[in-house]
Amino acid sequence: MEIEAASSLHRPIKIWTDTLSSLMAILNPNSHHSMAREIQTLLLSHKHMHPRWLKAHVGYLGNECADQLAKEAITKGDPFLLPKPLSYVKSGIKSAALSI
């Protein structure tokens, strides 16, 4: 949503996240996660936007506010389900096979 909102600004934009695993999925050209692929496509069409990582819980005011809003969304927002990633399914199959 950030990418789409900022797409009309034609200047360098950094999009910060404290979730390194998400950033790695977005930057991985072989990612199988549909949301990561969608974000990759958006970033390719908006080359002035650059995702960046920052360490969580070290006092960055904007990040602390984002964390607070995320907590509120979890407790007060509308629930929705995300499908489990393929890696989760593969891990479960492997564990089951090994236990047999």
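How many helices and how many strands does the secondary structure of this protein chain come to? The answer is five helices and two strands, where helices (H or I, at least four residues) and strands (E, at least two) are DSSP runs numbered from the N terminus. Read from the N terminus on, the elements follow the order α-β-α-α-β-α-α.

Before going further, a word on the basis of all this. The model is a predicted one, in which local features need pLDDT of at least 70 and side-chain atom pairs count only at pLDDT 80 or more, while totals for chains, interfaces and linings use all residues. Residues are numbered from 1 along each chain as its sequence is written, and side-chain values use heavy atoms, with hydrogens and water left out.

Let me start with the overall shape. The C-alpha trace spans about 55 × 35 × 30 Å along its principal axes. The radius of gyration of the chain is 17 Å, whereas a compact globule of 100 residues would have one near 13 Å; that radius is taken over C-alpha atoms, and the globule rule is 2.2 Å times the number of residues to the power 0.38. Of the 100 residues, 18% are buried, and here buried means under 20% relative accessible area, exposed over 50%, and partly exposed in between, with a 1.4 Å probe and protein chains only. If we take the contacts between residues at least 6 apart in sequence, 60% of them join residues at least 24 apart, a contact being heavy atoms within 4.5 Å.

Now to helix H3, residues 34-45, which has twelve residues and reaches 17 Å from its first C-alpha to its last, close to the 16 Å expected at 1.5 Å a residue; the expected span is 1.5 Å times one less than the number of residues. Which residues of H3 are buried? They are Ala36, Gln40, Leu42 and Leu43, and because they cover an arc of only 165° around the axis, they sit on the same side of H3, the arc being that of the directions from the helix axis to the C-beta atoms. On the other side of the helix, Ser34, Thr41 and Ser45 are exposed. The cover over the buried residues includes helix H1 (2-6), helix H2 (20-27) and strand E2 (49-53).

Is histidine 48 buried or exposed? Histidine 48 counts as buried because its relative accessibility is 17%. Leaving aside residues up to four places away in sequence, its contacts are Ala6, Ser7, Leu9, His10, Arg11, Pro12 and Ile13.
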